[in-house]
Amino acid sequence: MRNSKWNIACALVVLVFMGAADAQTLRPAPDSIEGHLAAGKNASGGRDDTPDFYGLVTALCVAPLNAPARPDAPAPRENPNRRSTYLEPKKAFDDLYWMGTPSRSTWALTTGDGIILYDTQGVYDAEDVIVGGLKKLGLDPAKVKYVLISHAHQNEVGGAKLMQERYGAHIVMGAGDWDMVDESINGFPKGKPKRDIVATDGMKITIGGRTVTIYLMPGHTPGTIGGIFQVHDHGKPLTVAYSGGTEFNFVNDVPHFDTYLASLRKFAAIAAAAGATIIMGNQSQFDNAAWRLRMLADRRPGEPHPLDVGAAAVARYFKIEDECAQAVRLKLLAK
Ligand SMILES: [Zn+2]
């Protein structure tokens, strides 16, 4: 009897603390630069064993702003030591595989009728990381039917031409990013992918009974896209929100930040409505994919999948982006 009372008391204490943490995270920030920076940092988690997003908050609320890429930006550099950065490709879920480096991710969603690939590394890495990676995982690169490009920066679009030309895969990109590809002067030293499928809001890419629903989220680039899809963890379905672009390396003015904020709020609401408990993207710096997948080998029975961070953590991810963007927007307004 005493024990069960004690347990109830402990549970209540835990609930009160959880309530306090939630209230702290969800309380509206004072509408000041400092207020939004503090709220962004406060949403980064990592305390009380909550999943953390330190890489995200550092890039958005702490690090200096990056300038946008220009059409005449220098050509991608071929790093002579690039192979030393390639990590072992991994089976992430029953039907989702990961290939990449500590900084960039490519994901392969397998279906009964081919593969949907998400993001394609840099131009000099695509052959080894993607083609080599798929083969290492026992997957056939020729089965890739669709390649979704979250946004057309060098390290996401680099392998699009290879997959299109060699394997006949369809490339899906936002209209604004197809324009970026067309306008780029030096960005494609091995040639550009040919304009193919233009992503539209709510577009469904379906093969073999599996669907990725695409949402336009202009901001990081004009044609950035996010996606919602399901994966399976030992048979259990889980919903992924794939966030298309993150950092503020676009034209730094108030209208561009307004666009970015509107897109991320739209996609955050879509992710919440879809019940997403996994936040995923093109850079491990933000979703911690590379090291979370290494933790898989040590996973004990009954433990959640390391990438299954929960709906509250997914919401915090978007809150960090929101608060940090609001802070920069206010700085720009004050100029
Ligand atoms: Zn980018």
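How many bridges join strand 6 (residues 170-174) to strand 7, and do these strands run parallel or antiparallel? In this predicted model, 3 bridges join the two strands, which run parallel. Val 172 stands opposite Ile 197 of strand 7.

The buried residues of helix 4 (residues 126-136) are Ala 126, Val 129, Ile 130, Val 131, Gly 133 and Leu 134. Viewed down the helix axis, these buried residues fall within an arc of 160°, so they line one face of helix 4. An α-helix has 3.6 residues a turn, so residues three or four places apart point the same way. The cover over the buried residues of helix 4 includes strand 2 (96-100), strand 3 (105-111), strand 4 (114-118), strand 5 (144-148) and helix 6 (160-167). Lys 135 and Lys 136 are exposed on the face of helix 4 turned away from its buried side. Just after helix 4, Gly 138 has a positive phi of about 80°.

A zinc ion has three histidines as protein donors: His 151 through NE2, His 153 through ND1 and His 220 through NE2, lying 2.1 Å from the ion. Along the chain the donors follow the spacing H-x1-H-x66-H. His 151 is in the loop between strand 5 and helix 5 (154-157), whereas His 220 is in the loop between strand 9 (210-216) and strand 10 (225-233); the pair therefore ties together parts that are 69 residues apart in sequence. The relative accessibility of His 151 is 2%, so this residue counts as buried. His 220 likewise counts as buried, because its relative accessibility is 6%.

The structure holds 1 disulfide, which joins Cys 61 to Cys 324 at an S to S distance of 2.0 Å. The link of Cys 61 and Cys 324 is left-handed, with -110° about the S-S bond. Both cysteines, Cys 61 and Cys 324, are buried.

Notes: Residues numbered from 1 in each chain as written. Predicted model: local features only at pLDDT ≥ 70, side-chain atom pairs only at ≥ 80, totals over all residues. Heavy atoms only, no water. Disulfide = S-S within 2.5 Å. Buried < 20%, exposed > 50% of the residue type's maximum accessible area, 1.4 Å probe, protein only. Helix = DSSP H or I, 4+ residues; strand = E, 2+ residues; numbered from the N terminus. Arc of directions from axis to C-beta. Contact = heavy atoms within 4.5 Å. Donors = N, O, S within 2.8 Å, 3.2 Å for Na, K, Ca; no water. Pairing = 2+ DSSP bridges.
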